[in-house]
Every structure is written in structure tokens, then in C-alpha cells.
Amino acid sequence: MRINLAKIVPVIFYVVLALAAVAFGTRNSGDDAEPPSFEPTAGQTAAADRYLDEVAIELATPGLYVDPRVIESGKLSASEVRALDRAAAGQDGPVRIAVLPASKLLQDDGSPGLVSAYDLAYDQEEMVAQLYDRVGSDGTYAILVDAGSEYGGRSFFAVQFAEDGPTYDIEGAANDALECCAPDYGDILESFVADAGDVHVGVGTWFLRLGGALAALAALLLGVRWLRRRRTTRQQDGEIADLLRGPLNEEVIELSGRVSTLPPAEAGTEVATHTLAVLDLVEQARQRLDAMQTAADAQAVTTRLSDARWRLVVIDALRAGQPAPEQTAPCFFDPRHGPSVTEHPFVPEGGDQRKVPVCAGCRDELAADRRPRIRTIER
């Protein structure tokens, strides 16, 4: 009698798996076993549903919505929220992201507070679907649930809902964001938004159209091309980082000197709060500069330096008895000039006229028909 091993071996494998699962379930059937999952009833989701209704209104247009409680906790700053909102709104997808506290998404079971992820009204995928149903527009939806730990409900999940148009690799973007950046909310969202526009290529389509052999050849060629492009991109990123390292280091040193000359601030005052924030931002910029390897790393350094300069302006205004100015973009001609005070028409060489953010000094230069000196970096 002949035995076909190709058929018998998989059967044996699944039998072993089934026996192992039974044994594992028996060992974990005591007090330490994980609580079973179940579908909550409509009555148990009423409060979470009302809250998701409010969030859907905030996300009527693409972008980022962060519950004020998360900002107050310090896990995302107001400047990070603004930058991420602009980036998400600018995606072709479109992209809608919500950062919500787990305490607002609990089941209505009368429990005093969050015990574990099992106390949430919906699981990750269903919660994103609930938000999509309320907004009613196709696109990419993502929810970052803020909690003290993963067991307590902290999670990040994203889904694309679209009947036509390009399909984006949303699952890959979400997984990559968690792998590279968790638990830093700002870095997670920045990574996700940057990758959310990558179009997903279905390998199965190639196999169906061209056959197995031709599809394998095409995949090989595409893989080589992707590796070359990735190598070129990394090389260019490294060159940009090396080019910017020196000038950015000078800015960090200059800001460190300005911070060291700040007069002492009375504890508990708004001036003291901004002073501590400046110290943190300059230190963060120094640390990121030391590890800088890509253009995105350089952008992270410049963002923190820009925020630090704005806070120095705020400190000066508060010490003079004036209200804190609103944060604006840095001066177009030289970010070292600090935050802009207005926008002014400008015609770059070989370009069309457009409005650019300018500081007070550059504004006066332009008003006098003089061209402010643009900061350049020599290779």
C-alpha cells in the first residue's frame, strides 16, 4: 500500500496543534485565565456611541482630531497636533485620524473605570467601522486609543473604506508605525501619515494575468528596482542629513546660549512653564541631531527648534506684560529669525508671486523694496 506523505503530514500537523490547544486551554482554565470576549449589547454601548457621534462631527473633513484630555496629559503637544492635522488633511486618501481616551469608550456596565481592554464598547476593527459609519465618507480611518497600557486598552488600528479608486497599504503603514515608534504618539502618527499614501500592489493579480513563471520574473524585477530606489533614497537622505548637521548644530548651540541667559522665573507661573518647555525642546533637538540620519530626522530637529524660538518670544511678551502671541510659521527667509509676524508677497527667482511668512525685519526690508537675504547652505 502506498501512502501519500503530502496528504498525511498536514493532517498530522493539525491534529498535533489541536491537541496542544486543548492542553493549553486546560492549563489556563484556572483563576489566571484571560477573560472571555463577548459582543456587548446596544444598551452597553450607548455612552461610547454618543461620544463617537461627537468625534464624527469633528472629523467631517479629513485630518486629525485629538481629544483635549490627551493633549492635557502631555502625550501630544498642540504644535504636534496642528502639524499632523495638516499632514493628514493633505493626503490623497483621504485620511481621518482620531486620538481618543479609553475612558470615553467604555461599556455602560456600571463599572467604576477601565479594568482592561475587555471593558471597551467595541474591539479595534469595529470601533473604526463605527466611526466610518457615522462620518459616511470613504477613505482611511484610524483610531489611537489612549490608555496606560495595551492591556488597559491602548491600541492603534486603521482601515481603508473605499469601493473604488486606489487601494493603500494601510495595514502595513499602521504596523510599521507601531514597530518603529511605539509608545510615542507623535512619532506613531507621523510615521503612519507619511506611509498612508503608499499604494498597495496586489501580487495575486500578476499571477492571474501572466501566469506563475512570468509573475515570478516580474516580482524579481520589481524587487530589484525597489531595492535600487530604496538604496538611492537612503543615500540621498544621508547626504541631506550630513549637509544639515553642521548648520543645525550651530542653531542648537545658539539656542542653548539664549536659554542659559534667561533670568530665573517664579515657580508656578506661565513664564516658568514656557522656560521649562524651551529647555526640553532644545534638549530633544540635540538628542535627535545626534541620531539624525534622514531628511525626516532633520525635519524633527527643525520643528523643535522652531517651537523653542516661539516660546522664547512668548516669554519676552509675558515678561513685558503683554499677551502671549499665537504660534506662527518661522520666517521664510531664515528660520533663525524666529516666528513670522505676517505674510508678504514675494517673487522667487524664476517663480510666480506668492505670500510667504516673514519676521518683522524681513517685512520691513520687503516694504522698502529690498530683497531680504535668504539663508542658504553650501555643499
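Q: In which helix is arginine 258 found?
A: This is a predicted model, so let's read it as such. At 33% relative accessibility, arginine 258 counts as partly exposed. The helix that holds arginine 258 spans residues 203-260, and its label is H8.

Q: How far apart in space are arginine 258 and arginine 309, C-alpha to C-alpha?
A: Along the sequence, arginine 258 and arginine 309 are 51 residues apart. Arginine 258 belongs to helix H8. In space, the C-alpha to C-alpha distance of arginine 258 and arginine 309 is 9.8 Å.

Q: What is the order of the strands in the open sheet of four strands?
A: Strands of a sheet pair through backbone hydrogen bonds, either parallel or antiparallel. The open sheet has the order E1-E2-E3-E4.

Q: Which strands stand at the edges of this sheet?
A: The sheet is open, with the order E1-E2-E3-E4. An edge strand here has a single partner strand, so one side of it is left without a neighbour in the sheet. The twist averages 10° from one strand to the next. The strands at the edges are E1 (63-66) and E4.

Q: Which residue in E4 is the bridge partner of valine 145?
A: For valine 145, the bridge partner in E4 is serine 155.

Q: How many of the eight residues of E3 are buried?
A: Buried means under 20% relative accessible area. Tyrosine 141 lies in strand E3 (residues 139-146), and its relative accessible area is 0%, so it counts as buried. E3 is largely enclosed by the rest of the structure, because the number of its residues that are buried is eight of the eight.

Q: Are the rings of tyrosine 132 and tyrosine 141 stacked or edge-to-face?
A: A pair of aromatic rings is described by the distance of the centres and the angle of the planes. The count of aromatic pairs comes to seven. For tyrosine 132 and tyrosine 141, the centres are 5.4 Å apart and the planes stand at 70°, and over 60 degrees counts as edge-to-face. The pair is therefore edge-to-face.

Q: Which residues do the ring pairs link into a cluster with Tyr141?
A: The rings of tyrosine 141 and phenylalanine 161 have centres 5.9 Å apart and planes at 75°, so this pair is edge-to-face. The pair links distant parts of the chain, 20 residues apart, with phenylalanine 161 in strand E4 (residues 155-161). Phenylalanine 161 is buried, with a relative accessible area of 17%. Linked with Tyr141 in the cluster are Tyr132 and Phe161.

Q: Are helices H9 and H10 roughly parallel or antiparallel?
A: Two packed helices are described by the angle between their axes and the distance between the axes. The axes of H9 (residues 270-290) and H10 (residues 295-319) come within 9 Å and cross at roughly 160°. An angle over 145 degrees counts as roughly antiparallel, which means that H9 and H10 are roughly antiparallel.

Q: How many nonpolar residues does the contact of H9 with H10 have?
A: H9 passes H10 in a left-handed crossing. By class, their contact has three polar and six charged residues. The number of nonpolar residues is 16.

Q: Is the crossing of H6 and H7 left-handed or right-handed?
A: The axes of H6 and H7 come within 8 Å and cross at roughly 150°. That makes H6 roughly antiparallel to H7. The crossing is right-handed.

Q: Is the peptide bond from alanine 182 to proline 183 cis or trans?
A: Proline 183 is found in the loop between helix H6 (170-181) and helix H7 (185-195). For the bond from alanine 182 to proline 183, omega is near 10°. The bond is cis.

Q: What is the phi of aspartate 369?
A: Aspartate 369 has its place in the segment after helix H11 (360-367). At 75% relative accessibility, aspartate 369 counts as exposed. Although aspartate 369 is not a glycine, its phi is positive, at about 60°.

Definitions and conventions. Residues are numbered from 1 along each chain as its sequence is written. This is a predicted model: local features need pLDDT of at least 70, side-chain atom pairs count only at pLDDT 80 or more; totals for chains, interfaces and linings use all residues. Side-chain values use heavy atoms; hydrogens and water are left out. Axes are lines fitted to C-alpha atoms, for helices over the stretch in contact, and angles run from 0 to 180 degrees between N-to-C directions. Helices (H or I, at least four residues) and strands (E, at least two) are DSSP runs, numbered from the N terminus. Angles under 35 degrees count as roughly parallel, over 145 as roughly antiparallel, 65 to 115 as roughly perpendicular and the rest as oblique. A crossing is left-handed if the near helix is turned anticlockwise from the far one by less than a right angle, and right-handed if clockwise. Ala, Val, Leu, Ile, Met, Phe, Trp, Tyr, Cys and Pro count as nonpolar, Asp, Glu, Lys and Arg as charged, and the others, Gly among them, as polar. Buried means under 20% relative accessible area, exposed over 50%, partly exposed in between (1.4 Å probe, protein chains only). Rings of Phe, Tyr and Trp (its six-membered ring) pair if their centres lie within 6.5 Å; planes under 30 degrees apart count as stacked, over 60 as edge-to-face and the rest as tilted. Two strands pair if DSSP finds at least two bridges between them.
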